Amino acid sequence: VGGVVVTGLLGLDIYGSVAYQAFILLACLLATACFFAWRFRLPFLAERVLPRFATVGLPVSYRIVVTSQTHRPQRDLALIEELADPRPTLEQFMALQQAEERRMRSFSFNRGASTWKFERARITEGLLPLLQPGQRAEATLQLTPLRRGHVRFTGLTVARPDPLGLVKAFVRRPLPQSLLVLPRRYPLPPVGFPGSAKYQPGGVAQASSVGESEEFVSLRDYRNGDPLRRIHWRSWARAGRPIVKEYQDEFFVRHALILDTFAGHPQSDVFEEAVSVAASFACTLQTQESLLDLLFVGAEAYCFTSGRGLAHTDQMLEILASVRVCEDKSFRRLESLVLQHLSAVSGCVCVLVAWDEARRSFVGRLNRLGVPLKVLVVREPGGPPLDPGPLREAPQDFHVLEVGSVGEALSRL
């Protein structure tokens with residue numbers, strides 16, 4: 001196209017220049033390529049085989065199987081994925097702009113939307129082998145997630161170059177699908193988590209239900225004073241005498257993983273790193289014989305429990321993949337949620353996105369109540385040293401993690 005434009009301009013004077021001859025040749029070649037591209041028709045069926053999960057920053061490969069429905073063999077076919085438009089709605093854009101204006105200082109230059117990250121993933125182009133009529137061919141594509149959450153596919157485009165290799169023809173088919181991207185996790189060294197085994201009214205059963213249920217132990221004969229609700233009627237009918245179910249209260253470790261969602265900016269890198277830190281601790285705590293309560297505030301106050309058969313690590317990571325910044329509530333809502341669950345908790349791991357007066361007061365209150373703590377504050381790099389405040393007497397339980405070196409800081413815990 002550039003050659004056609006240049007030679008067309010230079011060849012306006014056909015008597016003083018021979019550039020018009022090159023113009024005619026290039027224009028004919030381009031017209032021929034466009035004609036072959038216009039004639040390209042390829043009815044096909046496609047199936048995308050995605051993994052269950054992906055992780056931010058880690059490339060993952062997946063397959064696309066294409067079945068030809070034409071009567072001619074097709075060669076040099078390329079597959080191009082189409083993703084949903086990642087740009088925000090007008091309301092989301094205005095919220096981002098207002099958050100950016102609040103964060104920027106008066107003497108700073110606001111770079112605006114150019115600093116905001118909308119792209120969710122990058123996908124390589126896949127090449128299909130020779131596709132015979134009615135047969136299936138398979139291509140492998142590589143996806144690199146850039147942000148956690150759902151990557152939504154909308155369609156698939158098959159591209160074929162013309163015989164001259166100048167123009168590509170495209171045939172698009174809708175193929176909606178989605179892939180959940182989990183937050184980035186950092187390897188953690190063996191960490192002595194705070195707290196020890198604690199009496200739990202109702203045992204593990206209470207962690208997954210509401211009420212005063214207890215841990216079942218065995219069956220035994222009825223004794224005077226046993227409540228009727230504990231009678232095991234089938235065993236009574238079989239043995240001919242009253243049989244009751246015996247329960248036992250249980251002691252075990254139960255940690256609280258507290259995630260601070262009050263970052264103030266929907267696209268905050270500090271918040272994304274805080275979610276990654278929480279995910280890293282969720283994976284590590286899950287390997288031990290304990291329960292883990294994930295506490296955070298979103299549209300509502302949430303408490304999710306995993307461990308000891310109640311839930312798996314993948315389920316906890318799925319929750320963290322969808323966590324968003326809370327903009328319409330105060331930090332006191334999280335403090336109230338934690339205090340409600342404090343009686344059953346052995347220790348707390350707090351992942352905070354700031355170290356202001358409200359958060360220092362919260363940590364100080366937990367410290368005065370005798371709750372074993374481990375506090376991690378995520379912040380932008382280059383700031384002044386932070387005073388542990390209420391944890392001044394236990395500096396080993398207070399850690400500052402800077403964006404860009406979170407993995408290194410966690411490896412030194």
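Two strands pair if DSSP finds at least two bridges between them. The exercises below apply this and related criteria to a predicted model.

**Exercise 1. Which strand does β5 pair with, and in which sense?**

Solution. Step 1: β5 and strand β7 (residues 136–145) are joined over three bridges. Step 3: at the level of residues, A121 stands opposite P145 in β7.

**Exercise 2. In what order do the four strands of the open sheet lie, and which are its edge strands?**

Solution. Step 1: the order is β1-β3-β7-β5, with antiparallel pairing. Step 2: β1 and β5 (121–123) each pair on one side only, and they are the edge strands. Step 3: from one strand to the next, the twist averages 25°. As background, strands of a sheet pair through backbone hydrogen bonds, either parallel or antiparallel.

**Exercise 3. Is V66 buried or exposed, and which residues does V66 contact?**

Solution. Step 1: V66 belongs to strand β3 (residues 60–68). Step 2: the relative accessible area of V66 is 1%. Buried means under 20%, so V66 is buried. Step 3: with neighbours within four places in sequence left aside, V66 is in contact with F44, L45, A46, L79, L128, L131, Q135, R136 and A137. Step 4: the C-alpha atoms of V66 and G134 are separated by 10.0 Å, while the two residues are 68 residues apart along the chain.

**Exercise 4. Where is T7 found, and what surrounds its side chain?**

Solution. Step 1: T7 is found in helix α1 (residues 2–10). Step 2: the relative accessibility of T7 is 12%, so T7 counts as buried. Step 3: a polar atom of the T7 side chain lies 3.3 Å from the backbone oxygen of V4. Step 4: beyond its neighbours within four places in sequence, T7 is in contact with A19, A22, F23 and L26.

**Exercise 5. Which parts of the chain does the salt bridge of R48 and E81 tie together?**

Solution. Step 1: the side chains of R48 and E81 meet in a salt bridge, at 2.9 Å from N to O. Step 2: R48 lies in strand β1 (residues 44–49) and E81 in strand β4 (residues 78–83), so the pair ties together parts that are 33 residues apart in sequence. Step 3: R48 has 5% relative accessibility and counts as buried; E81, with a relative accessible area of 12%, is buried. As background, side chains of opposite charge can pair when their charged atoms come close.

**Exercise 6. Which element gives the most to the largest nonpolar core?**

Solution. Step 1: the core has 35 residues, and those with the most contacts inside it are L257, L259, V277, L320 and L410. Step 2: the elements that give two or more residues include β9 (168–182), β13 (250–259), α6 (269–286) and β14 (290–297). Step 3: α6 gives the most, with nine residues. Step 5: another core, of 31 residues, lies apart from the largest one; A137, V151, V171 and L179 are among its residues.

**Exercise 7. How many helices and strands are in the chain, and what share of its residues is buried?**

Solution. Step 1: the chain has ten helices and 18 strands. Step 2: of its 413 residues, 42% count as buried.

Conventions:
Residues are numbered from 1 along each chain as its sequence is written. This is a predicted model: local features need pLDDT of at least 70, side-chain atom pairs count only at pLDDT 80 or more; totals for chains, interfaces and linings use all residues. Side-chain values use heavy atoms; hydrogens and water are left out. Buried means under 20% relative accessible area, exposed over 50%, partly exposed in between (1.4 Å probe, protein chains only). A polar contact is a pair of N or O atoms within 3.5 Å; within protein, one must be able to donate a hydrogen and the other to accept it, and residues adjacent in sequence count only if both atoms are side-chain atoms. Contact means heavy atoms within 4.5 Å. A nonpolar core is a set of buried Ala, Val, Leu, Ile, Met, Phe, Trp, Tyr and Cys residues joined through side-chain atoms within 4.5 Å. A salt bridge is a side-chain nitrogen of Lys or Arg within 4 Å of a carboxyl oxygen of Asp or Glu. Axes are lines fitted to C-alpha atoms, for helices over the stretch in contact, and angles run from 0 to 180 degrees between N-to-C directions.
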